[in-house]
Amino acid sequence: ADITIITAGNLEQVVTAHGKLQPKEYVDVGVQVSGQIKKLYVHLGDEVKKGDLIAEIDPQVYLSKVEGDRARVKTLQAQIVQQEAQVKLAQLQFARNEKLLKTNAVSQDTYDSAKTSLQVAKAQKDALEAQLEEEQSTLQGDQANLGYAKIYAPMSGTVVVADIKEGQTVNAVQS
């Protein structure tokens, strides 16, 4: 009779399948502003934490815009101060002519001219203030774009694709 010896061991079964392995959570990191990649801080396989700086776009264009906006804001603020002085002068002249008109010491034409000058001075001040608001809004937008030149990891994880290189130009519209 044949004798069979039974021993303990591992039994493995292999199944071959075709498919695509994907991470549970995955995010494509794009850019919000266009420009040249100045510095790339991560490479394929690197671990990152949410909020880590992973790349920088050359900020010079955006920095120049912010500096230009700040200069225009200062110019408009100075023009408003100058126009406020013009309004005060026009108010004084109008008040003086208003008193003089009651005693017929000035003509109606002089009074009307002073009144119109005051209205024009106030309107010019209002226009400058509106321009200042617009320029401050532009400054805020350009400051935001300057901030977007730094790209941060939107989540913690592993870099699984790194298809850009330092020096490469990226386009916010296409990324």
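## Salt bridges and a surface patch in a predicted model

Lys39 has a relative accessible area of 35%, which makes this residue partly exposed; the structure in which Lys39 sits is a predicted model.

Biologist: Which residue forms a salt bridge with Lys39?

Modeller: The closest N and O atoms of this salt bridge are 3.8 Å apart, and a salt bridge is counted when such atoms lie within 4 Å. The pair links distant parts of the chain, since Lys39 belongs to strand S1, while its partner lies in the loop between strand S5 (157-158) and strand S6 (169-170), 127 residues apart. The partner of Lys39 is Glu166.

Biologist: Is Glu166 buried, partly exposed or exposed?

Modeller: A residue is called buried under 20% relative accessible area and exposed over 50%, with partly exposed in between. Glu166 has a relative accessibility of 44%, and therefore counts as partly exposed.

Biologist: In which helix do Arg72 and Asp69 lie, and how many residues apart are they?

Modeller: Arg72 and Asp69 form a salt bridge, in which the closest N and O atoms are 2.7 Å apart. Both residues lie in helix H1 (residues 60-102), where about one turn of the helix separates them, a spacing of 3 residues.

Biologist: Which residue is linked with Asp69 and Arg72 in a network of salt bridges?

Modeller: The structure holds 4 salt bridges, and Asp69 and Arg72 form one of them. These two residues also belong to a network of salt bridges, and the residue linked with them there is Glu135.

Biologist: Why are Glu129 and Lys125 separated by about one helical turn?

Modeller: The side chains of Glu129 and Lys125 meet in a salt bridge, with 3.1 Å from N to O, and Glu129 is partly exposed at 27% relative accessibility. Both residues are in helix H2 (residues 108-147), and the separation is about one helical turn because their spacing along that helix is 4 residues.

Biologist: What is the accessible area of the nonpolar patch that Tyr26, Val160 and Val161 form together?

Modeller: Tyr26 is placed in the segment before strand S1 (35-40), and with 45% relative accessibility this residue counts as partly exposed. On the surface, Tyr26 forms the nonpolar patch with Val160 and Val161, and their accessible area together is about 280 Å².

Notes: Residues numbered from 1 in each chain as written. Predicted model: local features only at pLDDT ≥ 70, side-chain atom pairs only at ≥ 80, totals over all residues. Heavy atoms only, no water. Patch = residues over 30% accessible without salt bridge, like charges linked within 9 Å, V, L, I, M, F, W, Y side chains within 5 Å. Areas by Shrake-Rupley, 256 points an atom, 1.4 Å probe, with all protein chains shown as cover. Helix = DSSP H or I, 4+ residues; strand = E, 2+ residues; numbered from the N terminus. Buried < 20%, exposed > 50% of the residue type's maximum accessible area, 1.4 Å probe, protein only.
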